[in-house]
Each structure stands twice: as structure tokens, then as C-alpha cells.
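Student: I have a model open and want to learn to read it. Where do we begin?
Tutor: Take a look at the sequence and the fold together.

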Amino acid sequence: MYGRVFAAARAAGQSSRARVADLLIAATAAANGLPLYTRNPADFSPLQRILRIVGI
């Protein structure tokens, strides 16, 4: 799942190296079928096809 998340972020032009922890958290949520709760939903917009993003 991390590979899919990483590829989606890179395809959107986001620097994935600086966001490794964020991408790992997103991959964990996606792998377990859970939504990702975040205060910055725009940061994860390229991942909307992989998991549900919930802004708080």
C-alpha cells in the first residue's frame, strides 16, 4: 500500500521524501480500510482515490 501512496504523491508532484511519515500514516489507514483524519486535507488530496480523507 505504501508503494501506491508514494506513487500517487509523486505523480501529483509532491515531494515524498519530506513527507515520509505522512505517507506511512496514510498507507496504514488505507491498508486497514480506515479514513485518514487530518487538519490539512489539501496535503492529501492526491490520495483521495486510494483512501477517504476527513478534514478536522
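Student: What share of the contacts in the protein chain with a separation of 6 or more comes from residues 24 or more positions apart?
Tutor: Contact means heavy atoms within 4.5 Å. Residues 24 or more positions apart account for 33% of those contacts. Before going on, note that this is a predicted model: local features need pLDDT of at least 70, side-chain atom pairs count only at pLDDT 80 or more, and totals for chains, interfaces and linings use all residues. Residues are numbered from 1 along each chain as its sequence is written, and side-chain values use heavy atoms, with hydrogens and water left out.

Student: Which pattern does the protein chain follow along the sequence?
Tutor: Helices (H or I, at least four residues) and strands (E, at least two) are DSSP runs, numbered from the N terminus. Here the chain has two helices and two strands. The order is α-α-β-β.

Student: How do I read the radius of gyration of the protein chain?
Tutor: The radius is taken over C-alpha atoms, and the globule rule is 2.2 Å times the number of residues to the power 0.38. For 56 residues, a compact globule would be near 10 Å; the protein chain has 10 Å, so the two agree. The C-alpha trace spans about 25 × 20 × 20 Å along its principal axes.

Student: How many of the 56 residues are buried, as a percentage?
Tutor: Buried means under 20% relative accessible area, exposed over 50%, partly exposed in between (1.4 Å probe, protein chains only). Buried residues make up 30% of the chain.

Student: Is Val-5 buried or exposed?
Tutor: Val-5 has a relative accessible area of 0%, so Val-5 is buried. Val-5 belongs to helix H1, residues 2–11. Beyond its neighbours within four places in sequence, Val-5 is in contact with Leu-23, Ala-26, Ala-27, Leu-47 and Ile-50. The C-alpha atoms of Val-5 and Ala-27 are 6.1 Å apart, across 22 residues of chain.

Student: How many residues does the largest nonpolar core have?
Tutor: A nonpolar core is a set of buried Ala, Val, Leu, Ile, Met, Phe, Trp, Tyr and Cys residues joined through side-chain atoms within 4.5 Å. The largest has 13 residues; among those with the most contacts inside it are Val-5, Ala-26 and Phe-44. H1 and helix H2 (20–31) each supply at least two residues of this core. H2 gives the most, with five.

Student: Which residues does Phe-44 contact, leaving aside its neighbours within four places in sequence?
Tutor: They are Arg-19, Asp-22, Ala-26, Leu-36, Thr-38 and Ile-53. Thr-38 lies in strand E1, residues 36–38. Thr-38 counts as buried because its relative accessibility is 10%.
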